[in-house]
Amino acid sequence: MCTKSTIQSNLDRILKIVDGKNVRIVAVTKYYDEQCIKDTFYSGLRDFGESRALEAIEKINKLDDEIRQKSTYHFIGHLQTNKVKYVVGNFHYIHSVDSLKVAQEIAKCAAEKNIVQKILVQVNNANEESKFGIAPSQLDNLINEIKKFESLNLVGLMNIAPNISDEKELGRLFSQMRELKEKYGLEELSMGMSHDYKIALNEGATMIRLGRILFENS
């Protein structure tokens with residue numbers, strides 16, 4: 001169970017590290033309840049990341065109007081096509097678009113709701129079989145197809161780096177992501193989690209996704 005004092009203490013420490021960086025801290029609340037979201041909001045953060053669509057929407061709907069309306073919600077988990085209808089419009093950003101099929105379904109749902117959905121393409125540049133995301137070599141085709149949909153706004157790329165201690169390799173992977181972002185002229189780069197966000201920051205992350213390091217005692 002997270003506490004407001006723990007969140008505030010951890011956040012103060014993280015803010016000193018990110019000071020001067022143009023980065024958005026996304027509080028990953030998928031394992032935490034609406035009270036934790038509330039405490040995080042009043043500690044100063046406004047971005048929240050979730051990966052289970054129906055559970056997330058249930059939590060969001062329990063929040064006070066002020067918190068719900070002033071927060072930005074990020075869907076960061078693997079998205080199946082049958083869950084797209086719940087995510088579109090309820091989340092400001094979808095970080096985990098990893099196929100044309102998913103992009104098409106998002107575009108369809110967004111058009112039906114008369115909105116433009118912000119999305120990021122998830123890239124598996126470490127080529128991990130256990131992770132979702134497309135290979136860098138497939139980006140050209142997917143991005144070209146996404147740009148055909150008026151109801152989609154492709155704002156950036158996302159990756160989930162391997163859980164390894166090799167900082168040099170992590171730096172290489174994050175650097176490659178930055179190069180891809182620049183190649184395609186995109187605005188956002190969602191990378192870096194509790195164990196590797198400092199490396200991601202140094203390589204140009206514009207969004208870092210923090211859970212454990214924000215909510216638990218160090």
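**Rings, burial and strands**

Tutor: The model is a predicted one. Let's start at F41, where R46 lies over the ring face, 3.7 Å from the ring centre.

Student: What makes R46 count as lying over the face of F41?
Tutor: The CZ of an Arg has to be within 6 Å of the ring centre and within 35 degrees of the ring normal. R46 is at 3.7 Å from the centre and lies over the face of F41.

Student: How many aromatic pairs are there in the whole structure?
Tutor: The search finds 3. One of them joins Y32 and F215, with 4.4 Å centre to centre and 35° between the planes.

Student: Why is the pair of Y32 and F215 called tilted?
Tutor: Centres within 6.5 Å make a pair, planes under 30 degrees apart count as stacked and over 60 as edge-to-face. The value for Y32 and F215 is 35°, so the pair is tilted.

Student: Which parts does the pair of Y32 and F215 tie together?
Tutor: Y32 belongs to the loop between β1 (24-28) and α2 (34-43), while F215 sits in helix α10 (residues 212-215), so the contact links parts 183 residues apart in sequence.

Student: Are Y32 and F215 buried or exposed?
Tutor: Buried means under 20% relative accessible area. Y32 has 13%, so Y32 is buried, and F215 has 2%, so F215 is buried too.

Student: What makes the pair of F41 and Y42 edge-to-face?
Tutor: Their ring centres are 5.1 Å apart and their planes stand at 90°, and edge-to-face asks for over 60, so the label holds.

Student: What makes strand β5 (residues 117-122) mostly covered?
Tutor: Of its 6 residues, 5 are buried.

Student: How do you know that strand β4 (residues 93-97) and β5 pair?
Tutor: Pairing needs at least two bridges. β4 and β5 have 3, in the parallel sense, and V97 has V121 in β5 as its bridge partner. From β4 the chain passes through helix α6 (residues 100-112) to β5, in a right-handed β-α-β crossover.

Student: What about β5 and strand β6 (residues 152-158)?
Tutor: They run parallel and are joined by 6 bridges, with K118 opposite N153 in β6. Here the chain crosses through helix α7 (residues 139-146), and this β-α-β crossover is right-handed.

Definitions and conventions:
Residues are numbered from 1 along each chain as its sequence is written. This is a predicted model: local features need pLDDT of at least 70, side-chain atom pairs count only at pLDDT 80 or more; totals for chains, interfaces and linings use all residues. Side-chain values use heavy atoms; hydrogens and water are left out. Rings of Phe, Tyr and Trp (its six-membered ring) pair if their centres lie within 6.5 Å; planes under 30 degrees apart count as stacked, over 60 as edge-to-face and the rest as tilted. Helices (H or I, at least four residues) and strands (E, at least two) are DSSP runs, numbered from the N terminus. Buried means under 20% relative accessible area, exposed over 50%, partly exposed in between (1.4 Å probe, protein chains only). A crossover is right-handed if, with the strands pointing away from the viewer, the path from the first strand over the helix to the second runs clockwise.
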